[in-house]
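Here is a brief report on a predicted model.

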Amino acid sequence: MPSTALLLSQAFNGLALGSLLALVASGLTIILGTLGVLNFAHGALFMLGAYAMYVVMDATGSFLLGILAGGVFMLVVGVVLERVLVRLFYSRPHEDQILVTFGAGIVFVEAVRAYFGGNTQTVPTPDWGQGIVQLGFLFYPTYRLELIGIVAALLFGLYLVLYRTSIGLVVRAGIEDAGMVGVLGINVRRAFLAVFALGVLAAGVAGMLYAPIVSVQPDMGGNFLVEAFVVIVIGGLGSYPGAVVGGLIAGEIVSLTSAFDTAYSEVMLYAVMALLLVLRPQGLFGSEGRV
Amino acid sequence: MNNSRNDAGLARRQALQLGLGAAGGLMVPGLWADLARAADGPLGTYPAGTAGDSVFVGVTSPLTGPYSADGKDHAKGYELAFAEINAGGANPQAWGLKGKGVLGKQIKYGVADSELKPNVAVQAQTQFIQRDKAIMITGCVSSATAVALEELAQRDHVLNMVGASGANATTGHDCQRYGFRSQPSAYMACKALAPVVAQHYGRGKKVAYLVPDYNYGHSVFGSFAEFTKPYGWTTAAKVVIPLATSDYSSALLNIANSGADIFVNIEFAAQAVNSTKQGAQFGIFKKMQMIVPNISSFQGQETGAQLMQGVFGTMDWYWKLEDKFPLAKSFVDAFRARFHYTPAWGANIGYMQTYLWALAVERAKTFYPPAVIKTLEASKADPFDSTLGKVWYRAEDHQLIRPIPVVVANAPKAMKNKDDVFNIVDLIPGEQAISPPAFLGCKLGAYT
C-alpha cells in the first residue's frame, strides 16, 4: 500500500495531468461535436503546434511570442485544411472523413520529418516556469503548476466562444439543417470554417504548452491522439464539458493507478473506458445518437 | 543401329558442354567452390541469389517512429559499407577484403522502413527474400524486431546479421542458428558497467529504475540489479511504464518518493530524452544520479550536456575509439565525408556487421549459408579486425565477443565541440563480461 503522501501527490498530479488531457481533447471534441468530423489529423496538428513553438523559441526565446505567432500559424493551417480538404467531406461517410484526415496527418508528420529531421528537439521551459515548488509534502514543477491555471483559463475561454456567442448556435443549427440556416441568410460555410479553425487552434495550443514538457519530434502526436480519443469516449463524443471532465477523470485514473503500479496505469484507463462503453455507451455527457 | 549412334552423338555433345561449362566455371573466382557446395543445396536463396554478377542484401530500419533518428543513422552505416565494398579500395583492403565486391560480386541492396514494428520488418524482408533472392538480411533498432527477423532467417535459411538489439533473448532463448548479434547483450553491458559505477558511487546504494514494459526493458533491469547486488546496491523502486508513455509525471512522482540515491533510466532514444527532461523538472537529479545502462545514439546531444553531465553508461561504440582502432578512424573519416556528421553507434553496427559478413563469405569462399555460419562460428581461432579491434562470434550463441565502452558524459564547459559529448572511461574486454555459454538459454537451430 503506498503512503498517504504519495497517494495525495498522485491525486494532485492527476488534476494537472487531467487538465492537460482535457485541453488536448478539446480541439478534437469541438470539431467532432459541431461538424461531425472525426479529425484523425489531431495528433499531427498537436505536433505542428509544438514545432511552431520550437521554431519561435529558438529564434526569439520568447514563449509569449511563440503562443501568438504559433496561434496565427495554426489558424492559417486550420483555414487552409478546411477550405482545401475537409469541407469536401462534410457530407461524406465517417470512414471517408477518417481516411482523409488520417492521410493529412501523415503528410504533416512526414513533411516535418523531412524538414527538421527525426531527432528530438528541445524547447526550454520559459523563465517564469523554471524550478520546483514545494507544496507541503509534495515537490511539483513550477511550469506544470502554472499550466493548470493557464489551461483552466483557456478552457473557459473556449467555453465562452462556443456557448456564449452566436457562432456556436449557428454551427449547431447548421448541422441540423444547413439548407434552412442558409435560407435564413446566415453564412453556414463561414461558421463551419471558423469552428474547424478553432479546433485546430486548440490542438496546436495544447502542443505549444506541452512542448517544454515532452520531447518534440515528428511522431509525438500519435500517443496524444489516442489519449484524446479515450478522453472524449469517456466524456461523451462531441461534448465539450465531457472533454473537460473526461480529461480530469483520465488524469486521475492514470495517476492514482501509478501510485500502486505504473505498469497498469494505461490498462486501467482502457478498462474504465470499456466498462463505460458497456454501461453508458454515449459517455458521461453525451446524448444518444448525437454524432 | 540408328538409335545407338544417336545416343552416342548426344552423349558426346553433353560431355563437350559440361567440359566447357566446367572450364568457364574455373575462370570465375568463387564459382567453382559454389558449384561444389551446391551439391549440398539448394538452400534458402542459395544458389539462386548468387547466379548473377551481384548479390542482394535486404536492410530494414525504423526510418519513422520514435527511434527514427537512430534508425536513419543505422541505415547510413550499411549504405557506406556497401558503397565501399562495391568500389574496392583502401578501406575494404584494410578490413581484409580483396578486389571489388564480395567474392567478385557487387552488392545490391534495398532499405525498407520497419516503422519500429516487427511485422512490418518481417513483411519487408520476406519480400526481399522472395522477390530479390536476398542472400543476407539485416538491420533493426529493437529487440522485438531482431527476434522476429531471426525467426524468419532460420525458417527461410537466409543469414541474418542482427542490427541494434540489446535484449538478452536475441542471443538467449530466442537465438537462432541463422542470427548473429554484434551489440552487447544487456547482460554484458550491465556486467561491464556495474564495477565501474560501484567504484565511482560506492557501496550500498538504493536504486530507482524506470523500466519500459518490453523484453529489452526487463532484460536490462534484471541484469543491472543482479550485477550491482555484490556491491550492496538494492532496488528502492522498480517503475514499469507502458511503451507509449509521453507524460512521465506519475512515474516520476513514484521515483521522487522512492528515497533512492541512483536513478537508472532504461528508456531508449526519444523516450529516454523525454523522461530525462521531465525528471529534471521534477527535481529528480537534485537527489539522484542518473545511470543509463545502454545510451542510445543521439541521447547525449538531444538531452543536452546540462542534464547529461556525469551520467555513466555503456555504448555499443563511440567515435572516440578512432584513437584506438585504425578501422574506427577510417570509418569515422569516410562517414563524415559522405554524410557530413559524426557517426553514432547505430551506424557502426550497420557498417561493421556488413564487413564481418563479407569477410566471413570470403573466408568461406562461398555464399552457401551453412558454410558462412560455420566460418563465423569458427572466428574465435582467427578473430576479425574491426572498428572495435579484434572481435569474434561465440559458436554457442552467436554473440559477438567484443570490448564494451563504458562512458561518462562531459560537463558543458568541458566539451571541445558539439560531438565531444562523452568520454570513454573504460573499455571492458568482451571475455570479461560475457555470460557463461547457454546461461541465457540459447539453443541454436539446425544448419539446413
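## The sheet in chain B

Chain B holds an open sheet of seven strands, ordered S7-S6-S8-S9-S10-S14-S15, with mixed pairing. Strand S7 (234–241) and strand S15 (422–428) of chain B are at the edges. Each has a single partner strand, so one side of each is left without a neighbour in the sheet. From one strand to the next, the twist averages 20°.

Strands S9 (residues 289–294) and S10 (residues 312–314) of chain B pair in the parallel sense, over three bridges. Here Ile291(B) stands opposite Phe312(B) in S10(B).

## Helices on the sheet

Helix H7 (residues 186–201) of chain B lies across S8, S9, S10, S14 and S15 of chain B. H7 runs at about 160° to S10(B). Helix H8 (residues 215–228) of chain B also packs on the sheet. H8 touches S6, S7, S8 and S9 of chain B, and its direction makes about 165° with that of S6(B).

## Nonpolar cores

The largest nonpolar core has 148 residues. Tyr209(B), Val239(B), Ile255(B) and Val372(B) have the most contacts inside it. Helix H15 (residues 345–364) of chain B gives the largest share, 13 residues. Domain 2 and domain 3 of chain B each supply at least three residues to this core.

## The contact between chains

The contact takes 30 residues from chain A and 32 residues from chain B. On the side of chain A that touches chain B, H1(A) gives the most, with six residues. By class, that side has 13 nonpolar, 14 polar and three charged residues.

Definitions and conventions: Residues are numbered from 1 along each chain as its sequence is written. Chains are lettered from A and ligands numbered from 1 in the order in which they are written. This is a predicted model: local features need pLDDT of at least 70, side-chain atom pairs count only at pLDDT 80 or more; totals for chains, interfaces and linings use all residues. Two residues are in contact if their C-beta atoms, placed from the backbone, lie within 7 Å. Helices (H or I, at least four residues) and strands (E, at least two) are DSSP runs, numbered from the N terminus. Ala, Val, Leu, Ile, Met, Phe, Trp, Tyr, Cys and Pro count as nonpolar, Asp, Glu, Lys and Arg as charged, and the others, Gly among them, as polar. A nonpolar core is a set of buried Ala, Val, Leu, Ile, Met, Phe, Trp, Tyr and Cys residues joined through C-beta atoms within 7 Å. A residue is buried if 20 or more other C-beta atoms lie within 10 Å of its own, exposed if 12 or fewer, and partly exposed in between; C-beta atoms are placed from the backbone. Domain bounds come from an automatic or database domain assignment. Two strands pair if DSSP finds at least two bridges between them. Axes are lines fitted to C-alpha atoms, for helices over the stretch in contact, and angles run from 0 to 180 degrees between N-to-C directions.
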